[in-house]
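Me: I would like to go through the terms used for a protein model and see what each rests on. Please show the sequence and the structure first.

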Amino acid sequence: GPREGGGPAVVEVLISGGGPAGAIAALSLARRGVRVLVVDRATFPRDKLCGDTVNPGALAELRAFGLDGDVERRSLPLRGMRVTGEGVDVTGEYPSGLTGRAIARRDLDHLLLEAAAKAGAQVRQGVRVQAPLLDETERTPTVRGGVLDVGGKTLRVPASVTIAADGRRSALGFAMGLLHHPR
């Protein structure tokens with residue numbers, strides 16, 4: 001599974017969220033030699049009720065990372081999609097022999113996070129981001145890492161770049177005023 005362990009001595013990029021966006025960012029950066037730490041409040045593999053398909057464009061992106069074979073081995077081909085609802089039935093087929101893939105998010109997320117760890121990213125699971133670590137020495141406060149909850153202990157992790165890839169409940173997004181709960 002993804003590597004566990006303590007935080008690195010120096011984190012260049014802290015990524016909050018180990019789903020597809022966070023894992024691909026970590027994979028891309030780690031392959032370029034960047035010191036990356038990915039944290040996620042969940043423990044992988046985890047069940048998630050959304051996004052169980054990979055369209056041809058996303059599959060091409062995974063191919064560019066050399067991950068399409070792993071995805072294809074764990075998935076079923078799709079020639080298109082069908083959306084149905086009350087009084088609605090829309091079918092669309094992918095053009096010229098293109099296919100997508102149906103893969104459980106549990107499998108896709110785990111596969112991508114494992115690839116990031118193999119590339120050298122540190123992965124910490126069961127870690128919750130509490131807040132951004134702010135540098136307030138400049139006129140405009142700047143995010144320079146995160147404040148993490150690691151097994152009930154607070155850990156401040158400085159980083160040059162911080163990526164919030166933790167979805168609609170993002171602690172970083174809410175703390176920075178970028179996300180709001182609906183009224």
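Me: In which strand is the place of V90?

Reply: V90 is in strand β6. Strands here are DSSP runs of E with at least two residues, helices are runs of H or I with at least four residues, and both are numbered from the N terminus. This is a predicted model, in which local features need pLDDT of at least 70 and side-chain atom pairs count only at pLDDT 80 or more, while totals for chains, interfaces and linings use all residues. Residues are numbered from 1 along each chain as its sequence is written, and side-chain values use heavy atoms, with hydrogens and water left out.

Me: Why does V90 count as partly exposed?

Reply: Buried means under 20% relative accessible area, exposed means over 50%, and partly exposed lies in between, with a 1.4 Å probe and protein chains only. V90 has 47% relative accessibility, so V90 counts as partly exposed.

Me: What makes M81, V83, V88 and V90 a nonpolar patch?

Reply: Patches are made of residues with over 30% relative accessible area and no salt bridge; nonpolar side chains (Val, Leu, Ile, Met, Phe, Trp, Tyr) are joined within 5 Å, and like charges within 9 Å. M81, V83, V88 and V90 form such a patch on the surface, with about 350 Å² of accessible area together. Accessible areas come from the Shrake-Rupley method with a 1.4 Å probe, and for residues only the protein chains shown count as cover. The elements that give two or more residues to the nonpolar patch are β5 (80-85) and β6 (88-93).

Me: Which residues form the positive surface patch?

Reply: R41, K48, R168 and R169 form the positive patch. Lys and Arg count as positive and Asp and Glu as negative, with His and the chain ends not counted. The place of a charge is taken as NZ of Lys, CZ of Arg, CG of Asp or CD of Glu. One of the four, R41, sits in the loop between β2 (36-40) and β3 (53-54). R41 counts as partly exposed because its relative accessibility is 40%.

Me: How do you know that R82 and D89 form a salt bridge?

Reply: A salt bridge is a side-chain nitrogen of Lys or Arg within 4 Å of a carboxyl oxygen of Asp or Glu. The closest N and O atoms of R82 and D89 are 2.5 Å apart, and the two form a salt bridge. R82 is exposed because its relative accessible area is 57%, whereas D89, at 46%, counts as partly exposed.

Me: Which parts of the chain does the pair D149 and R128 tie together?

Reply: The closest N and O atoms of D149 and R128 are 3.8 Å apart, and this pair also forms a salt bridge. D149 lies in strand β10 (residues 142-150) and R128 in strand β9 (residues 127-135), so the pair ties together parts that are 21 residues apart in sequence. D149 is buried because its relative accessible area is 18%, while R128, at 39%, counts as partly exposed. Elsewhere, salt bridges that share partners join R46, R105 and D109 into one network.

Me: Why is R105 called buried?

Reply: R105 has 10% relative accessibility, so R105 counts as buried. R105 is found in helix α4 (residues 105-118). Contact means heavy atoms within 4.5 Å. Not counting residues up to four places away in sequence, R105 touches P20, R46, K48, C50, G51 and D52.

Me: What separates R73 and D70 along their helix?

Reply: R73 and D70 are three residues apart in helix α3 (residues 68-73), which means that about one helical turn separates them. Their side chains meet in a salt bridge (2.5 Å, N to O). R73 is exposed because its relative accessible area is 64%, and D70 is partly exposed at 29%.

Me: How many helices, strands and salt bridges are there in total?

Reply: The protein chain has five helices and 11 strands, and the structure holds eight salt bridges. Of the 183 residues of the protein chain, 37% count as buried.
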